[in-house]
2 protein chains.
Amino acid sequence: MGEGRVLLAHGDGGEMMADLIARVFISRLGTGDPPGDDAARLAAAGQLAFTTDAFVVDPIFFPGGDIGRLAICGTVNDLATAGARPLAVSASFIIEEGLAIQDLERIVDGMARAAGEAEVQVATGDTKVVPRGKADGVYITTSGVGAIPEGISISGANARPGDAVLVSGPVGDHGLAVLSRREGLQFEAEIVSDCAPLGGMVQALVAAAPGVHVLRDPTRGGLAAALNEIARQSQVEIELLESAVPVRPAVAVACELLGLDPLYAANEGKMIVMVAPEQREAALAALRAHPYGAEAAMIGSVRESGTARVLLQTALGTHRILDRHVGEQMPRIC
Amino acid sequence: MGEGRVLLAHGDGGEMMADLIARVFISRLGTGDPPGDDAARLAAAGQLAFTTDAFVVDPIFFPGGDIGRLAICGTVNDLATAGARPLAVSASFIIEEGLAIQDLERIVDGMARAAGEAEVQVATGDTKVVPRGKADGVYITTSGVGAIPEGISISGANARPGDAVLVSGPVGDHGLAVLSRREGLQFEAEIVSDCAPLGGMVQALVAAAPGVHVLRDPTRGGLAAALNEIARQSQVEIELLESAVPVRPAVAVACELLGLDPLYAANEGKMIVMVAPEQREAALAALRAHPYGAEAAMIGSVRESGTARVLLQTALGTHRILDRHVGEQMPRIC
């Protein structure tokens with residue numbers, strides 16, 4: 001293995017598929033227990049979180065990660081938004097005929113490293129192969145099951161007037177890293193995806209600040225889409241202070257050149273946190289004590305309002321409504 | 001809605017995506033609780049089963065079903081192979097730009113009906129859109145979480161010498177239904193996919209025959225692949241009686257014409273059962289009492305052997321080894 005390309009016959013349930021799965025997947029990811037069954041077994045009690053995401057990022061390798069690392073991080077971060085500890089992840093591959101097996105191995109290596117860091121097992125999976133021109137390299141769908149500790153109730157519907165709005169670090173890194181690579185753009189400082197599993201950071205945060213009401217990872221649609229979703233779920237107004245939102249200089253330059261707004265750019269290793277005001281400092285300290293939250297900042301607050309909306313206080317001090325965008329900004333970013 | 005086509009902008013996290021999800025998905029499938037979060041919540045205790053499958057069937061509509069019904073049945077049937085009752089299913093869509101929204105609605109209707117029959121909720125989902133020529137209509141990945149009742153231990157590793165090998169009905173219907181439609185073949189009697197959720201049948205079976213050791217749905221690779229997997233997992237020899245395997249006449253004719261073997265053709269509504277010999281009749285009676293098992297038959301037995309293999313006793317009375325096939329027989333059958 002390691003040489004050659006994926007063939008249609010690798011996806012049809014026969015000997016070649018069994019061989020590919022054993023050599024590429026099981027050797028890197030381990031297996032559920034008992035191996036060979038169509039369903040993995042988990043032990044669980046209490047409240048579970050359950051989530052899924054499809055990953056179609058283009059290109060499949062980008063600065064700071066690859067589609068495999070992204071697929072693990074995306075799903076464990078969705079579990080983290082419920083305050084859940086991941087129990088198991090599944091991975092389904094849709095592979096375009098002709099994908100280099102070396103590329104597939106590199107992707108599965110990326111998954112294995114991210115899963116190791118997130119302390120979760122890829123317990124079950126599936127592989128399909130489609131003819132050339134019916135996919136683009138590889139698409140991966142991951143699902144995750146997590147255990148929600150007793151007493152934890154974190155939801156986009158729980159934002160309360162007075163809550164502080166925090167973000168765990170600079171925004172837009174993932175979106176601009178992928179887009180720059182795709183468009184062949186070169187900047188003085190390379191922009192690197194923030195793609196990271198945030199479960200450890202979130203556990204430390206919730207331990208330090210049990211008054212966390214909302215967690216949300218601002219992926220597709222960026223900070224703007226995530227804050228709008230929360231505003232609607234909780235029926236509150238969120239005031240966002242533009243000048244307080246951390247953006248790396250290279251990302252700001254790239255956005256300027258491409259005519260993009262970093263508030264709409266995807267992140268894959270950031271968390272929005274809404275927390276009772278008296279626990280704001282404890283929450284910020286817990287975030288900043290973690291490597292993935294070192295540049296955490298307070299970026300706004302939740303206010304009582306008759307209208308569920310996000311109000312942006314611009315750098316000039318004026319206010320405008322920050323909508324979810326309409327129409328395409330960045331396709332295939334995750 | 002109902003008119004128009006899916007655009008790239010329907011997949012980018014903005015207003016149009018929220019609209020598509022609300023109108024096409026949530027209206028048909030309901031939502032997890034609380035709606036709007038990235039992870040659904042489930043209550044569970046004890047042993048869980050967890051499974052995933054990607055569906056890339058071509059064509060997406062075929063006699064007896066569609067990719068939506070298939071995606072639900074495939075996953076709830078994988079849960080059923082562990083004796084598990086489904087708790088929740090997730091659904092991730094990878095949609096090719098240009099798919100008719102009417103087609104998407106029809107597919108989601110198919111999912112909703114199958115989920116209703118299986119008594120399971122689609123609790124969480126995801127939607128991505130890729131450019132024209134980067135997929136083929138739509139691909140769906142479903143994952144499922146199920147509860148394994150206490151005392152149940154069903155696995156491909158549990159076959160024991162002496163076990164009776166049953167199948168819940170005629171084999172090859174799904175594979176030949178899809179292939180006939182794809183190749184534009186017409187037969188006197190239309191071949192209809194057997195695509196069905198088997199949880200109810202399995203629960204009745206296990207209640208009547210607690211000595212069920214193995215359940216396996218013979219999908220890709222058919223009966224031959226599934227029996228070979230079980231032989232390896234359990235380190236036993238399985239003798240399969242060719243003349244006892246039920247095959248519909250129309251399927252036999254189509255296989256003859258296409259040069260295919262029904263033992264390798266995919267099923268999406270059949271279950272292989274291995275059960276202690278003293279419970280064989282109780283198991284057959286329970287299967288036959290259910291609409292999806294009316295044509296159940298005993299097709300072989302498990303034997304002690306130094307070699308894990310499947311031995312076929314042909315209609316002529318001779319024996320040969322029935323391998324998993326090598327190389328492609330039927331791509332994109334599920």
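The structure is a predicted model, in which local features need pLDDT of at least 70, side-chain atom pairs count only at pLDDT 80 or more, and totals for chains, interfaces and linings use all residues. Residues are numbered from 1 along each chain as its sequence is written, chains are lettered from A and ligands numbered from 1 in the order in which they are written, and side-chain values use heavy atoms, with hydrogens and water left out.

I begin with the interface. Here 79 residues of chain A are in contact with 79 residues of chain B, contact being heavy atoms within 4.5 Å. The area buried between the two chains is about 6100 Å², and carbon and sulfur atoms give 53% of that area; buried area is the accessible area (1.4 Å probe) that two parts lose on being put together, summed over both. Asp38(A), Phe50(A) and Arg220(A) supply 13% of what chain A buries against chain B, more than any other three residues.

Between chain A and chain B there are 11 salt bridges, a salt bridge being a side-chain nitrogen of Lys or Arg within 4 Å of a carboxyl oxygen of Asp or Glu. One of them joins the side chains of Asp136(A) and Lys134(B), at 4.0 Å from N to O. Of the elements of chain A, β1(A) gives the largest share of the side that touches chain B, namely 15 residues; strands are DSSP runs of E with at least two residues, helices are runs of H or I with at least four, and both are numbered from the N terminus.

I turn now to salt bridges in general. Side chains of opposite charge can pair when their charged atoms come close. Over all chains, the structure holds 45 salt bridges. Asp173(B) and Arg248(B) form one at 2.8 Å, N to O. Asp173(B) belongs to helix α4 (residues 173-183) and Arg248(B) to the loop between β9 (237-241) and α7 (249-258) of chain B, so this pair ties together parts 75 residues apart in sequence. Asp173(B) is buried at 2% relative accessibility, whereas Arg248(B) is partly exposed at 32%; buried means under 20% relative accessible area, exposed over 50%, and partly exposed in between (1.4 Å probe, protein chains only).

Glu237(B) and Arg303(B) also pair at 2.8 Å, N to O. Glu237(B) is buried at 5%, and Arg303(B) is partly exposed at 31%.

The search of the whole structure finds 0 disulfides over all chains. Cys334(A) is itself buried, at 5% relative accessible area.

Val57(A) sits in the loop between β1 and β2 (61-62) of chain A and is buried at 1% relative accessibility.

Finally, Thr314(B) lies in the loop between β12 (309-313) and β13 (319-321) of chain B. Thr314(B) is buried at 12%, and its contacts beyond four places in sequence are Glu242(B) and Arg320(B).

Methods:
A disulfide is a pair of cysteine sulfur atoms within 2.5 Å.
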